[in-house]
Amino acid sequence: MKFSDLIITANHNLFRNKTRTFLTILAIFIGSFTIILSNAINTGVNDFIDKQVEGIGGDGYIEVMPKNVSDQLESIMSGDSSVREYDPNKGSLETSYITAQDLETIRAVDGVEKMNAYHMASTEYITSSKTSKNYNITVSLSPDNSLNVDMSAGRKVDADSSKKEIMLTEDYVKALGYESNEAILGQTVTLAVKQNAKCLMVANPTDCLATVDATVTGIQAPGVLSFGGGARVNLALNNALYDLAMEGMPKSTADRTYFAIGRVDPEKVEQIRTELDKLGYTITTVDDTAGMIRTFFDVILVVFNIFGGIALLAAAIGIINTLFMSVAERTREIGLMKAMGMSDRKIFTAFSLEAILLGFWGSVIGILISMLIGYGVNSLAHETFLTEFPTFQLVIFNPINMLIITGVIMLIAFIAGTAPAYRASKQNPIDSLRYE
Amino acid sequence: MEKIIEVKNLTKVYGKRSAAFTALKNINLSIEKGESVAIVGKSGSGKSTLMHLLALLDKPTKGQVEINGINSTKLRGKSLNKLRNQEFGFVFQQFFMNSNDSVLENVLLPLKIAKISRFKRKKMAMEALKTVDLEDKARNKASDLSGGQKQRVCIARAIVNNPDIIFADEPTGNLDSATGDKITDLLFKLNKEKGVTLIIVTHDEDLAKLCSRIVRISDGNIISDQTVRKDLQKKSSDRREKEAARVKKANERKGN
């Protein structure tokens, strides 16, 4: 028999018993659908992260912390509760600060352009001259001018400026009493911080607040992965807020921090990473942060692929069963074909092809249904929670991925089909023809 | 005459040791091209076993089968399959058709196995169907046919590859006498007109008498091997023709 005839015959034979074939294909479909759709979502999310990372910019911007801190953070995050011996050189988390000496050491590394201690400022509220109300606000540092920020109006804060600058999100414009994004540009807002030392002395927490004035330079466009979040301030404003909060505290306490931030030569990031690693520091770049998010989604993908794999395993048993039934039903037909001179190998091929075709149809239906659902979800998402991101595709179908998945499923089906196909090929034509 | 099948010291034993059963004992037989041979015997006599060995569907325990002078017991794999595919045609009592396929698909199955092109095999299958007078049923589903029509389709399938030998295992066993006669006529017509060697396994004495030679088997031995006189053969077929005409008339009367 020619190969094309074998395929056509196999496909024809498959649909002789429609219900059984349909159920087997359905089982394969459940597995292929799970894997294809979760891969498509993963592709979509990764693509989105890539685009966002590109948008963030920040080539050459790094964050540094002592290795001791990063190790302990990691063990806390991974739930590691093992007891460790105290090492006076390492100390505990509490004693591993970035000191002035550390900064000198880091600055001395080749390729480091700028390095400063980073103190995290916290704020109580924001207000303006146009409103009598105070509003809660979180501020975060916009640490480097190379980091891109999507602006609705105005410009981003200048990290290197000595003027105290802030950029807000759109929600605060109306609250602070301004008509439009443009109206608030260049205006002064007031931020309040808690003065820690003073607060120890007073009964009422509101009695220990102090305020700082800042200039609004721009309004940020909404984003998912904007670096930080909330209102963003430049270093000058950040430090002013921090200094005010720490007023009256011992200098040694005020200077304590676990983090340093700075700029390095983008070409030398990896080299600096190794160098600082030797010196006992861990660095984090924007790409590293994106990588962590990506790892998170990859883990979810693996979980879904395992589910899909289990479904496929069950489906493989279904294939074996279907083919054994088919072989038993067609015993006489097999005997006849052998009597007519069909070789054992061709009989084996014919039944293997049936198995492979089961896998093929299961995958194709899986692809079609997941595409249908995927594109449905995409357009639904754009009408609801993704209206802000017209270019973001939640589900992306990568043709190469789908080919690989189809290939793997067909391979699994082939392997499942070998036992029944072998039995068919080894049948004695006489016994087969006598079989009633 | 040219010998088409030559059987030497053929023995077939089923099972092993204490369970061993000798189905054929040291059979010698030679069949010439164009003969029509009936292998007659009771069930269990070994007649089916002999046919299976002649048709190379089974391996003998001892002895050999020569087809066209070639020792076929030594053939393996491809050459064996090719021989079966091109030299033999099979007609079985139980038809063995793929009932869900069309008549045409059933007939061209041997050609499909022989890797003959789509166009050519369809043409050959239609010709074979014409021979059995069923060309108008080519598109029908095989399961929709009557028993006689099914057996005619099987004959078409057996002759589609222009074989030298047709093996027929109780070809009329599942048919009433009138349709059975039609099938017999067809087989002998092929034997006479195309010179196809006919080997029929049967326990039907009437059918056996139509053949040019009757080989009787009992307990794995050939107990007689007689050539039927041509005049007797003629008489038998004349009687059958008369019977067929009578049935036809009766049917026509019923129709009126």
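**View 1. A:R16, A:R330, A:E333 and A:E354 form a network of salt bridges.** A salt bridge is counted where a side-chain nitrogen of Lys or Arg lies within 4 Å of a carboxyl oxygen of Asp or Glu. The model is predicted: local features need pLDDT of at least 70, side-chain atom pairs count only at pLDDT 80 or more, and totals for chains, interfaces and linings use all residues. Residues are numbered from 1 along each chain as its sequence is written, chains are lettered from A and ligands numbered from 1 in the order in which they are written, and side-chain values use heavy atoms, with hydrogens and water left out. Helices (H or I, at least four residues) and strands (E, at least two) are DSSP runs, numbered from the N terminus. A:E354 is buried, at a relative accessible area of 2%, and A:R330 is buried at 8%. Buried stands for under 20% relative accessible area, exposed for over 50%, and partly exposed for values in between (1.4 Å probe, protein chains only).

**View 2. A salt bridge joins A:R155 and A:E165.** The N to O distance between the two side chains is 2.8 Å. A:R155 sits in the loop between β5 (151-154) and β6 (165-169) of chain A, and A:E165 in strand β6 of chain A, so the pair ties together parts that are 10 residues apart in sequence. A:R155 is partly exposed, with 42% relative accessibility. A:E165 is buried, with a relative accessible area of 6%. Over all chains, the structure holds 25 salt bridges. Side chains of opposite charge can pair when their charged atoms come close.

**View 3. In chain B, a salt bridge links B:E66 with B:K8.** Their side chains meet at 3.2 Å, N to O. B:E66 is part of strand β4 (residues 62-67) of chain B and B:K8 is part of strand β1 of chain B, so parts that are 58 residues apart in sequence are tied together by the pair. B:E66 counts as buried at 15% relative accessibility, while B:K8 counts as partly exposed at 32%.

**View 4. Chain A and chain B meet at an interface.** Here 24 residues of chain A are in contact with 24 residues of chain B, contact being heavy atoms within 4.5 Å. The two chains bury about 2200 Å² between them, 58% of it on carbon and sulfur atoms. Buried area is the accessible area (1.4 Å probe) that two parts lose on being put together, summed over both. A:M1, A:M340 and A:I430 supply 27% of the area that chain A buries against chain B, more than any other three residues. The interface has 2 salt bridges. The side chains of B:R118 and A:D5 meet in a salt bridge at 3.1 Å, N to O. On the side of chain A that touches chain B, α1 (3-14), α12 (331-339) and α15 (429-434) each supply at least two residues. The largest share of that side, 6 residues, comes from α12(A).

**View 5. A disulfide joins A:C199 to A:C208.** The S to S distance is 1.8 Å; a disulfide is a pair of cysteine sulfur atoms within 2.5 Å. The structure holds 1 disulfide over all chains. The link of A:C199 and A:C208 is right-handed, with 75° about the S-S bond. A:C199 is partly exposed at 21% relative accessibility, whereas A:C208 is buried at 0%.

**View 6. B:C154 and B:C211 are cysteines of chain B.** The sulfur of B:C154 has its closest cysteine sulfur in B:C211, 19 Å away, which is too far for a bond. B:C154 is buried, at 0% relative accessibility. B:C211 is in no disulfide and is buried too, with a relative accessible area of 1%.

**View 7. B:A20 lies in the loop between β1 (3-14) and β2 (21-32) of chain B.** B:A20 is partly exposed, at 37% relative accessibility. Not counting residues up to four places away in sequence, B:A20 touches B:V13, B:Y14 and B:G15. B:A20 and B:V215 are 195 residues apart in sequence and 25 Å apart in space, C-alpha to C-alpha.
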